[in-house]
Amino acid sequence: MRDPGCARIGRMAETPGPSATRGAAPGRPGAHGTLITVAPTGAEHAKADVPTLPVTLDELVRTARDCEHVGAAMIHVHVRDDQARPTLDLGRLRETVAALRSETNLVVQLSTGGAVTDPEADRLRVLDALPDSASCTMGTVNFGDDVFLNRWEFIVELHRRMRERGIVPEYEIFDLGQLAALRRLLDEHGLPAGGHVHVDLVMGVPGGMPGDAETLVAALRLLPEGATFSATGVGRATLPVLFASLAAGGHLRVGMEDTLSYARGERVRDNAQLVARAAGLARVAQRPPLTPDEVREILGVRLPAGAPS
């Protein structure tokens, strides 16, 4: 006679439950779907070398709409001046935030990193543009031939000012030791605005951690309990990091800030092409793209204090 318990187990195996049909890592907030962030511009590439790079406000808004249409929920923004050079001009930042809020439903995240040469005072002033979210890099890292400097006191001040304004931070992690710095920050200075910890593992930068599955798994062991994470693969690390993050219940950042190649020997056409690929792979992983409103709920994003409604 067949053991009825075995029959029951067999039926359970044949009939996947909700977590099986929606993807892996059920214990991590938001793991039923995938937050896709687009980083369309960055501060490194020149418009003259990359004609499709969005650098004007009109180009950025058009890019944001296109990327939202194919699955993006958040946009990570660097702005450029009239000569297409990186700038942290507060007027341009405010204009950009207002335009993106008006023309899309995306969560608007400003970079406080700027270019590696930007002074700390200018980087702190970014928060006065009152975005929904802003980056907070958790340590100094060699960035190619340059040094991306982030002193401890500066990190603490970013964290403090974001909490005062109700701006949700995304803690950028370029190396594993920066996760220890994040734990120290939270222990000494408390939870961020929104009450939820979200990190972005930036992988494959020359001078930072490599963009491979082994390193991503090592990083997950160091995440604060209950935290969510996205992962960014720079250059040729784009696809390995994307697959590893999806498999581990993480989220994705893609865009022309991080890669200009779509495939071997094929240049990226535009940012929407990268977002569409990420969204398609997220669906294959049974973790479809999250909507901007779902992301706001998971990350605790609210309109910052003083921002126009």
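Tutor: Let's begin with a term: two strands pair if DSSP finds at least two bridges between them. Keep in mind that this is a predicted model.

Student: Thanks! In which sense do strand S1 and S2 pair, and over how many bridges?

Tutor: Strand S1, residues 36–38, pairs with S2 in the parallel sense, over two bridges. Now follow the chain: from S1 it passes through helix H3 (residues 57–70) to S2, a β-α-β crossover that is right-handed.

Student: Which strand pairs with S2 over four bridges?

Tutor: That is strand S5, residues 107–110, and the sense is again parallel. Here Ile 75 stands opposite Val 108 in S5.

Student: How do I read the faces of strand S2: are the residues there buried or exposed?

Tutor: The general idea is that in a regular strand, side chains alternate between the two faces of the sheet. In strand S2 (residues 74–77), Met 74 and His 76 lie on one side, with Ile 75 and Val 77 on the other. All four are buried, so both faces are covered, given that buried means under 20% relative accessible area.

Student: Let's turn to helices. At what angle do helix H6 and helix H7 pack?

Tutor: Angles of 65 to 115 degrees count as roughly perpendicular, and those under 35 as roughly parallel. Helix H6 (residues 152–165) and helix H7 (residues 177–189) pack at about 55°, with their axes 11 Å apart. That angle is why H6 is called oblique to H7. Their crossing is right-handed.

Student: Which residues in H6 meet H7?

Tutor: Trp 152, Ile 155, Val 156, His 159 and Arg 163 do, and their partners in H7 include Ala 181, Leu 185 and Glu 188.

How values were computed. Residues are numbered from 1 along each chain as its sequence is written. This is a predicted model: local features need pLDDT of at least 70, side-chain atom pairs count only at pLDDT 80 or more; totals for chains, interfaces and linings use all residues. Side-chain values use heavy atoms; hydrogens and water are left out. Buried means under 20% relative accessible area, exposed over 50%, partly exposed in between (1.4 Å probe, protein chains only). A crossover is right-handed if, with the strands pointing away from the viewer, the path from the first strand over the helix to the second runs clockwise. Axes are lines fitted to C-alpha atoms, for helices over the stretch in contact, and angles run from 0 to 180 degrees between N-to-C directions. Angles under 35 degrees count as roughly parallel, over 145 as roughly antiparallel, 65 to 115 as roughly perpendicular and the rest as oblique. A crossing is left-handed if the near helix is turned anticlockwise from the far one by less than a right angle, and right-handed if clockwise. Contact means heavy atoms within 4.5 Å.
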